[in-house]
Amino acid sequence: MFDKFNDECAIFGLSGHAEASNLAYLGLYAMQHRGQESAGIAAADGHRVIVTKDMGYVADIFTSERLAPLTGHAAIGHTRYSTAGESRLTNAQPILIDCAHGQIAIAHNGTLVNAQELKDHLVRLGSIFQTSSDTEVILHLFARSRAATVEDAIIESVSQVRGAFSLVMLTPNRLIAARDPHGFRPLALGKLGEAWVACSETCAMDLIGATYVRDVEPGEVVVISETGLKSYKPFLPERLAHCVFEHVYFARPDSYVFGRSVNEIRTNFGRTLAREAPVDADVVVPIPDSGVCAAVGFAEQSGIPMRMGLIRNHYVGRTFIQPQQSIRHFGVRVKLNPVRSILEGKRVILVDDSIVRGTTSRKIVRMVKAAGATEVHMRISCPPTISPCFYGVDTPRRSELIAATHTLEEIRKYLDATSLRYITLDGLLESVGQGRSSYCTSCYTGQYPIEFPRNEAAYLQLTLKPLEQERDPVTP
Ligand code: SF4
């Protein structure tokens with residue numbers, strides 16, 4: 001419903017606990033925000049791996065009856081938003097295969113940029129693919145490997161893929177966690193008693209009572225078995241490219257990603273934005289939930305009070321159906337409602353994390369004005385989004401990104417805002433603090449750290465589309 005980049009996926013792995021699959025369920029539940037199309041859990045008991053997966057939300061799929069057969073001391077789990085491959089059950093993860101090296105299940109967060117090229121080659125060699133997901137390529141490479149050990153076969157297969165991958169894999173007696181050498185997507189490592197946990201965000205560890213130890217390092221393959229944890233570094237060092245959008249929007253603010261507090265960095269974005277784009281106004285209002293942390297920082301830095309002038313209905317799911325065709329134009333009100341007593345007669349600073357197409361922002365500005373605001377100043381805590389992502393995030397094509405095709409003043413006019421300012425790229429990286437050069441910022445710069453296939457390049461074509469021709473979805 002909201003005009004945002006879509007989250008990617010969450011992965012979770014745990015080894016060394018009698019309640020492994022129940023804990024995987026809780027871990028996925030905590031990370032549901034990263035993908036809502038499908039979810040699955042694979043469990044291993046030392047002899048075999050079994051998997052259960054389905055379309056839908058974690059809590060709807062995993063009843064106690066469906067969790068009961070998932071016995072064993074190790075489990076991996078996945079929630080999916082499809083960034084490569086269609087949204088259907090065969091593409092749900094973990095994907096489980098049985099091959100010459102034995103059974104292996106895999107769960108992946110990210111997108112492989114050379115998946116099609118590898119798939120074409122493997123198909124010519126006789127491979128038969130079951131899914132349209134890029135992840136399956138890794139399993140085929142694993143199955144074809146002539147390496148003597150499972151560890152070596154895994155290392156050989158992940159060494160052939162390029163792009164963004166944080167992975168958890170499960171064999172009957174091993175949990176494997178791996179991260180691409182650029183470190184695009186997060187993968188944290190923690191402990192729960194004697195058990196090891198690997199997951200996309202530390203909020204999953206908080207729920208199960210595990211303690212964050214460190215990140216799986218970019219380019220590291222971690223193998224956890226009865227004999228303990230072994231670390232392998234099979235890749236040549238590459239330029240680090242942690243996805244800065246994890247800090248801007250994706251990750252939960254109570255998580256640590258890339259070893260840093262999301263809440264702290266997101267609040268820093270607001271402080272920096274207030275220094276870079278000050279404005280005389282009466283009240284700072286976040287667009288919930290994504291704008292809240294930055295609004296706190298903006299209010300703190302500017303001294304202008306923050307109030308919750310927009311209230312979000314948390315019970316609106318992705319499947320909201322308009323009850324009657326004749327009742328139209330609920331628009332954004334289904335999800336957000338303005339608080340007139342806070343907005344009426346006020347000069348309002350509206351803070352949000354990003355603008356993608358601009359359609360929702362325009363509705364919100366109009367709604368705030370209709371509630372009596374005399375001025376609406378939009379402040380955005382990331383730079384203008386001008387280019388799509390090829391590393392595991394679902395983004396519209398470039399021609400649909402409003403900032404790729406319009407000037408700041410044109411966007412302001414379209415939004416009907418009194419003023420509009422974005423944080424600068426320098427301000428964003430300054431707010432991230434140490435390690436600023438280790439982030440990917442391609443969606444703000446159009447400069448990509450890894451080449452992607454030529455057919456993807458069509459995505460970057462600009463088709464200029466004047467905003468005036470767009471139908472206004474608010475006004476009947
Ligand atoms: S292009 Fe943007 S969304 Fe994609 S990995 Fe880079 S920073 Fe993240």
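User: In this predicted model, which strands does helix H6 (residues 150–158) lie across, and at about what angle does the helix run to E7?
Analyst: In the predicted model, helix H6 lies across E6, E7, E8, strand E12 (221–225) and E13. Taking E7 as the reference strand, the helix runs to it at about 150 degrees.

User: In what order do the six strands of the open sheet follow one another, and which are the edge strands?
Analyst: The six strands form an open sheet with antiparallel pairing, in the order E5-E6-E7-E8-E12-E13. Each edge strand pairs on one side only, and the two that do so are strand E5 (95–99) and strand E13 (228–232). From one strand to the next, the twist averages 20 degrees.

User: Which residue in E8 is the bridge partner of Leu-167?
Analyst: Strand E7 (residues 166–171) and strand E8 (residues 174–179) run antiparallel and are joined by six bridges. Within E8, the bridge partner of Leu-167 is Ala-178.

User: At about what angle does helix H5 (residues 136–144) run to E5?
Analyst: Helix H5 lies across E5, strand E6 (102–109) and E7. With E5 as the reference strand, the angle is about 15 degrees.

User: Which residues of helix H10 (residues 292–302) are buried, and what covers them?
Analyst: The buried residues in H10 are Cys-293, Ala-294, Ala-295, Gly-297, Phe-298 and Ala-299. An α-helix has 3.6 residues a turn, so residues three or four places apart point the same way. The cover over the buried residues of H10 includes helix H9 (262–276), strand E17 (283–286), strand E20 (347–352) and strand E21 (375–380).

User: Which residue follows H10, and near what value is its phi?
Analyst: After H10 comes Gly-303. The phi of Gly-303 is positive, near 80 degrees.

User: Which element gives the largest share of the largest nonpolar core?
Analyst: The largest nonpolar core has 75 residues, and those with the most contacts inside it are Phe-245, Leu-310, Leu-350, Val-368, Met-378 and Tyr-391. Its largest share, five residues, comes from H9.

User: Which cysteine does Tyr-391 touch, leaving aside residues up to four places away in sequence?
Analyst: Tyr-391 is among the residues with the most contacts inside the largest nonpolar core. Not counting residues up to four places away in sequence, Tyr-391 touches residues including Phe-184, Arg-185, Tyr-448 and Phe-452.

User: What percentage of contacts between residues at least 6 apart in sequence join residues at least 24 apart?
Analyst: The protein chain has 17 helices and 23 strands, and buried residues make up 57% of its 476 residues. Among contacts between residues at least 6 apart in sequence, the share joining residues at least 24 apart is 70%.

Terms used: Residues numbered from 1 in each chain as written. Predicted model: local features only at pLDDT ≥ 70, side-chain atom pairs only at ≥ 80, totals over all residues. Heavy atoms only, no water. Helix = DSSP H or I, 4+ residues; strand = E, 2+ residues; numbered from the N terminus. Buried < 20%, exposed > 50% of the residue type's maximum accessible area, 1.4 Å probe, protein only. Contact = heavy atoms within 4.5 Å. Pairing = 2+ DSSP bridges. Axes fitted to C-alpha atoms, helices over the stretch in contact; angles between N-to-C directions. Core = buried A, V, L, I, M, F, W, Y, C linked by side-chain atoms within 4.5 Å.
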